[in-house]
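Thanks for asking me to look this one over. My comments are below as numbered points, to be read with the model open beside you.

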Amino acid sequence: VMGEPVSEMCDHLIKAVNVMMDAESSQIYRLEALKFCEEFKEKCPFCVPCGLQLADKAQTAVVRHFGLQILEHVIKFRWNNMPQQEKVQLKNCAMGLLSSGTYPILEEESHIKDVLARIIVEMIKREWPQHWPDMLKEMEALTSVGEAQTELVMMILLRLAEDVITFQTLPAQRRRDIQQTLTQNMESIFSFLLTILQLHVDEYRKLAKAHCRVGVAALSTLAGYIDWVALAHLTNDNCRLLEMLCLLLSETELQLEAAECLLIAISRKGKLDDRKPLMVLFDDVAMHYILSAAQSADGRHYIFLKRLCQVLCSLGSQLCFLVGSGVEVDVPANLSKYTEAFLAFTTHPSQFLRSSTQITWGTLFRHEILSKDPVIIQMMIKYFRATMTNLVKTGFPSRNDSPSCEYSRHDFDSDEDFNSFFNSFRAQQGEAVRNACRVVPLEGFQIAAEWLQYQISTPIDIGTTGSGKGGSCGLCSILSPSAVQWDAMTFFTESVVGQLFKNVEVEKLPVDQGIELLQAVLNYNTQDPLILSCVLTNLSSLFPFVTHRPHFLPQVLYKLFASITFEVVEESKAPRTRAVKNVRRHACSSIIKMSRDYPWFILPCFDILYNQVKKLFSNEALLTQMEKCALIEALVLISNQFKDYTKQKAFLEELMATVAARWTSDEMRVLLEPALFLAFLGADQLMAEGTDHTTGINRSRLSFCVYTILGVVKRARWPADLEEAKAGGFVAGYTPSGAPIYRNPCTPQVLALLPNLLALIRTHNNLFLPENMCRLSETFSRAYEVIEVERKVVLGKRNHTDSLVLYSTGLETLYHNYHILGNAGLSLHQDFYTIEGLAEQIVGSALISLDNVPDHRLRPMLHILLLLCPLLGPLFAYMLQVRAHTSLLDDEDEACEENQVTQEMLEEQLVRLVTREVLDLLSKSRLWDKGREWDVGTSTPGSVTELSLPLQDIYMTLLTISFTSLSWKDTSNCHRTASMVCWTLLRQVVGGNLLPEAVTWFYASVLKGLQMHGQHEVCNSALTQLALIIYDNLRPRYMELRSVMTQIPSINLEALDQYDQRLLEPSSAQKVGEKKRKDQFKKLIAGTVGKDLGQQFKKEVHIRNLPSLFKKPKLEKRDIVEPSETGSLAALFSPTQDNI
């Protein structure tokens, strides 16, 4: 009777499917066909017969696939309501499709096989093992039908493991039932899989292609199980599985899958005793097969080579775990063979393969036992030699100048990708070299010395493909042969020499050889800026040798000073190239570094240094303002070694005389008015090239003043030793507790400059007011925008540009005013904090007009401003207001052009970053230190009482920010605040008289956070824990929390009453374990958890639990101390124990 409508419906469905899949169909027809098919699946009463008819082999593959999809839909969404007879019938039909419903293995479409496997697995998830106990036997029987059926069985077992173990797409009880049954049967399952693999590999060797396909399927299925089954199954039967996998590495068609399985097996974690058998892979036979596979694999099997490399890496990691771990594992006899094979990957042309080995080398070189083994020590020397090649940056995918290029085209989409990869690859090599140098420092230094001497004696080769700046004028470009060689050698030398001084006793240091190298570097002259930059790095690396031969110090200083004024063409009016600027900056940094690390050593040459600086300063055009400030910083660092307050104060007065005179002159009254200030900088005028001479000088001098003040405040310090500080006159007195009060020699100069500094900060903030923004000329109109480099960092993009697009307005200097202010408190201590009216002055300058300051300018200010304790209250209050305003960005939803969308993304991300900064500060502000008394009289560390606003106000502001931030659209922020900040703050005040409205608001804020972020497991866990703590601690005192709970959708009020009863009357209630209590609470608030957009309209799949497989019998509770039928407690210890 049903045959006719089924047949008719099938015809309609076939037409609909063909319309959907036909490229020529119009969108309207396709949508209509889709709607028809979906309605059929949802409503039609005879889906099963239609599905079976469409799945017939006679139909096209597309129609068969749709027919099988119908059957899958029925199982997923209708199974619970089907009569038992229909379930059995559908199961029998599905098994029939497996045995006879497919084409031979090489002809059948893979998507048909996949959907067939899904159908069976969906039934298994609902019925096995309770209602389908013979499922595994039926699967085993199917494998005897043919290769196609065997492959399908492999796919079913794999998908079952993925759904149950990997993705866990089942309710907890069903998952537990299936996993326990799988585990119980694992020995027979593994034996079955290995038998299938062995059988079909043997057949495949007789050149039967079909059996190869089954072999691949069997290996894929094994991969799904090897990851989680008990390690014993992998090592059973004398490690038969591992042996088979090693043998298969030589089979071209199966080697990739075999390597995948081997990799998963070797990478297993677990008890060290269980992992010990994995060391069988270091035996002769296994190592032979692994090495043979590596040698025979060529470029066509590049993916296999990658897997094999990972296998060796994991093998090395297991070795490092097991040797010396307490488990009796000796250093393998074949260690030499293993390391040689591993080194072959480190010297392979592929840069990716080379990089894959680095972490394992580092682990071997720092291992307590292995690093002392002669084989590994010998290998360190070979590794150094390999690194000499690997550090050279070659192999760009766009070029053909190296064998690596071909491999790079497989691994990287662009030169930028390769560049980014190579930077991290180089860092990994540096780490491995440093680890090796802890063991063989002198050998490493010897190799570095040879390489440095070789580069010095080799003529510079600029290459034939000089790209961009450099090649055209006889200088190296960054890809010139000499440039990349010098760069690699410099990095290697830096890594080696740094470890030499840490790991070799002073008397054993190769000082003579080091000084010989230093002389070679000092005597080496080049006008190529890229090479000179490398020379300066080598000079810095070798400088510690000079401390053993002080008479070389003047030569080093002269070399550096010559580089500070380096020019490619003397007296040239053209702008300096980036490479030239880098050389000069490099020389300045080197002098600062030496002055910071060896001030006591450079002190005897102080006069030479000071005179040289004065000489350079006499010609204003010779140095940039930044270079001048760097030299001033170096002088201040060395002056700290005077250890004489009066002498250092006099020196700093002399050093800052020019800056002080200019900063306090009448000319600087322009700092008070934004309009005058912009005119002073020339920012309100149109500038043609070379016409802003006067205003350019103004901008330059202003920068010099700001940078100089900052340098002096940061670097001037008193002696660290108290006795030296007392002798030098740095101790002004003592606190009541006896701690010394120090005075900084730069205090008088800095305090004299402070009023104009605060005026400049106030004017800077006012520049963002609309009336002042209008004053900017077209030349300076983009001066306040996010520069391209920052924009890319904020948006998480790689920065591909070599040049920084900065507007030389002088305005970027102004952000350093905040650094001066922030460092003043740390540097000047009580001399700063005791300034009369300081709090009002700072609030009236640093926090003025912040509403107009853009987020990207606000971010760097926050950390600095937090150093100023008087600002805590107003700063946090302002940030709460600002975030409430800017979070409105989250709710905007407009259709925009691409650049507007990017701008919106930028703004939203900046808001996110600013608020992260705020909460970062909040977590570091230490306002909730244990035992802190929260009253108006409390002073913060390092501050003076009268500067602080009432701390209760600050505290409530912090609480409000913290709990509000839980529902901002920022998961990392939410997790951090929920787990680290909220309860830490709230706990301090729960004992006080909190208003019920405040308590309900705090609790509702947590639930609101769950609604926003509850779909993310990490956030859900943190927020649930926070809600639980608040409810448990505050519910006994605040009945109002119950009313919040009753508003949760779908809450079980009876369960809520039970929970409350246990909470309010713990003595009378039945005790519940901590985990069970958490689970009960989690169920109560489950209705608050929101779903992300992708899940909101998804049709729910419901899988019912079956009768439990393992019911624990309840033991009758009885107090063993109470008299029993046999008399008393003594009966327990009587010889006859029948009653126990």
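**Notes on the model**

1. Let's begin with the rings. There are 39 aromatic pairs in the structure, which is a predicted model. In one of them, the ring centres of Trp 361 and Tyr 383 are 5.8 Å apart and the planes stand at 50 degrees, so this pair counts as tilted. Trp 361 belongs to helix H19 (residues 358-366) and Tyr 383 to helix H20 (residues 374-390), so the pair ties together parts that are 22 residues apart in sequence.

2. Tyr 383 turns up again in a helix contact, as one of the H20 residues that meet H17. Helix H17 (residues 335-346) and H20 have axes that come within 11 Å and cross at roughly 5 degrees. An angle under 35 degrees counts as roughly parallel, and H17 and H20 are therefore roughly parallel to each other. On the H17 side you will find Leu 335, Ser 336, Thr 339, Glu 340, Leu 343 and Thr 346, facing Val 375, Ile 376, Met 379, Lys 382, Tyr 383, Ala 386 and Asn 390 of H20. Sorted by class, this contact of H17 with H20 has 7 nonpolar, 4 polar and 2 charged residues.

3. Now for another helix pair. Where helix H26 (residues 529-542) and helix H28 (residues 578-597) meet, their axes come within 9 Å and cross at roughly 10 degrees. That makes H26 roughly parallel to H28. From H26 the contact draws on Pro 529, Leu 530, Leu 532, Ser 533, Leu 536, Thr 537 and Ser 540, while H28 brings Ala 579, Val 580, Val 583, His 586, Ala 587, Ser 590 and Met 594. How many of the residues in the contact of H26 with H28 are charged? There are no charged residues among them; they divide into 9 nonpolar and 5 polar.

4. Helices H4 (61-78), H6 (110-127), H8 (147-166) and H9 (172-184) each supply at least two lining residues. Which helix gives the most to this lining? That is H6, with 3 residues. The lining of this second largest pocket divides into 12 charged, 5 nonpolar and 4 polar residues.

5. Finally, two backbone details to check on screen. The peptide bond leading from Trp 128 to Pro 129 is cis, with omega near 0 degrees, and Pro 129 sits in the loop between H6 and helix H7 (135-142). Gln 168, in turn, is in the loop between H8 and H9. Gln 168 has a positive phi of about 50 degrees, although it is not a glycine.

Terms used
Residues numbered from 1 in each chain as written. Predicted model: local features only at pLDDT ≥ 70, side-chain atom pairs only at ≥ 80, totals over all residues. Heavy atoms only, no water. Axes fitted to C-alpha atoms, helices over the stretch in contact; angles between N-to-C directions. Helix = DSSP H or I, 4+ residues; strand = E, 2+ residues; numbered from the N terminus. Parallel < 35°, antiparallel > 145°, perpendicular 65-115°, else oblique. Contact = heavy atoms within 4.5 Å. Nonpolar A, V, L, I, M, F, W, Y, C, P; charged D, E, K, R; others polar. Phe/Tyr/Trp six-rings, centres within 6.5 Å; stacked < 30°, edge-to-face > 60°.
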